[in-house]
Amino acid sequence: MDKPDYQLIIVGGGPAGLTAGLYAARGRIQTLLIEKGATGGQVLVTDWVDNYPAFAEGVAGFELMDKMTAHADRFGLEKKFAAVESMDLRGDLKRIRLDSGEELTCEAVIICTGARPRKIEAPGEKELQGKGVSYCATCDAPFYRDQEIAVVGGGNTAIQEALHLTKFAKKVTVIHRRDSLRATAILQEKAFAEPKIDFIWNAQISEIVGQDSVEAVRITYNDDSTATLPVTGVFILIGVVPNNDMLPLDQLQTDESGFLITDSEMVCAGLSGVYAAGDIRSKLFRQIINAAGEGATAELSAEHYLSNCPTA
Ligand code: NAP
């Protein structure tokens, strides 16, 4: 086998990738972490994290990720800021091709490419993105001071961010497609007690209306009746889809939504030397602590594999 450039390449630098990177660097594995943006992933745009152990008072999302990055850096994790275009994960030598054309090789790969916001696919959504349509309350909330806005979704993200938006907006209307929320009880209690939050149940946005910016949303109820709600902002917070464009999906096993199926050691589809951790995995719960824990498990599994590797 040709000599690989690295023993381990980690693709993606969110909580899963950074934790895998910390373990690998500390374990003296010759490792490269490739990240296309800034390290931190989705948590970078999470306003406040209240459930990460050891932060008893809570912590801002960017601060938590700053600390995770610094922790991996302390052990000398090598990072490269570049976009991965494709991968070939078959065989003992794994190949990672960057969009610059550069190809890197390694013995083991941990895929931590995460997920991105799901869209409602309504007319006006694409045209008015950044002009009132947002997928990140933390990023855009301050633009809506004293305005009336809508939030779509009934999960933890929608309700947590609706609560955050009340710090700025005059009124926040949560539009949900069913008659009960999926969010945890504590968030529901807070939202129902918040006078600035209204709910529209059993309804979906069928169109986002506006010339240069959002002026209103058209709502279609489950019984097909319709209504128009004047708002200047729409926050679409309805879950995530996998970042799997750069993955060789013919070599991996995915669920019906395109998330990677792994075993309990984070091995992908039985492929030796290939692991996945964090939100890209097919799973029920997507939490920062889960992603970090999976990053650690994936790296320890990779270390075990590398110690028996053909080039070891
Ligand atoms: P989620 O739990 O999957 O909730 C998505 C919500 O959007 C659901 O209410 C769903 O409706 C609705 N929805 C989905 N597709 C839709 C569509 N096309 N049109 C309209 N509505 C649609 O996603 P999430 O809230 O982003 O949370 C993701 C994960 O992160 C979860 O595991 C969550 O627990 C976790 N999380 C945790 C915290 C925390 O612990 N503080 C904070 C944020 C997120 P239905 O209910 O009808 O399916």
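The side chain of Thr 69 reaches the backbone oxygen of Met 65 at 2.8 Å. That is where I will start today. A polar contact here is a pair of N or O atoms within 3.5 Å; within protein, one atom must be able to donate a hydrogen and the other to accept it, and residues adjacent in sequence count only if both atoms are side-chain atoms.

Before going on, a word on the source: this is a predicted model, in which local features need pLDDT of at least 70, side-chain atom pairs count only at pLDDT 80 or more, and totals for chains, interfaces and linings use all residues. Residues are numbered from 1 along each chain as its sequence is written, and side-chain values use heavy atoms, with hydrogens and water left out.

Back to Thr 69. This residue lies in helix H2, residues 61-74. Helices (H or I, at least four residues) and strands (E, at least two) are DSSP runs, numbered from the N terminus. The side chain of Thr 69 also makes a polar contact of 3.0 Å with the side chain of Thr 39. Is Thr 69 buried or exposed? Its relative accessible area is 11%, so Thr 69 is buried. The cut-offs are under 20% for buried, over 50% for exposed, and partly exposed in between, with a 1.4 Å probe and protein chains only.

Next, the ligand. Which residues come nearest to the ligand? Of the 18 residues around the ligand, they are Asn 156, Thr 157, Arg 178, Arg 182 and Gln 287. Near means that a heavy atom of the residue lies within 4 Å of the molecule or strand. By class, this shell holds three nonpolar, 10 polar and five charged residues. Ala, Val, Leu, Ile, Met, Phe, Trp, Tyr, Cys and Pro count as nonpolar, Asp, Glu, Lys and Arg as charged, and the others, Gly among them, as polar.

Where does the shell come from? Helix H4, residues 156-165, gives the largest share, three residues. Domain 1 (6-116 + 240-307) and domain 2 (119-236) each supply at least three residues; the domain bounds come from an automatic or database domain assignment.

Now the distances. An N or O atom in the side chain of Arg 182 is 2.5 Å from an oxygen atom of the ligand. For the side chain of Asn 156, the distance from such an atom to a ligand oxygen is 2.8 Å. Gly 155 uses its backbone instead: an N or O atom there lies 3.3 Å from an oxygen atom of the ligand. On its own, the ligand has 910 Å² of accessible area, and the protein covers 77% of that. Accessible areas come from the Shrake-Rupley method with a 1.4 Å probe; for residues, only the protein chains shown count as cover.

On to the cysteines. How many disulfides does a search of the whole structure find? The search finds zero, a disulfide being a pair of cysteine sulfur atoms within 2.5 Å. For Cys 112, the nearest cysteine sulfur is that of Cys 268, 9.6 Å away. Cys 112 counts as buried because its relative accessibility is 7%. Cys 106 is buried too, at 0%.

Last, two loop residues. Most residues other than glycine have a negative phi. Arg 28, however, has a positive phi of about 60°. Arg 28 sits in the loop between helix H1 (15-26) and strand S2 (31-35), and its relative accessible area of 68% makes it exposed. Asp 146 also has a positive phi, near 60°. Its loop runs between helix H3 (137-140) and strand S11 (148-152), and Asp 146 is exposed at 57%.
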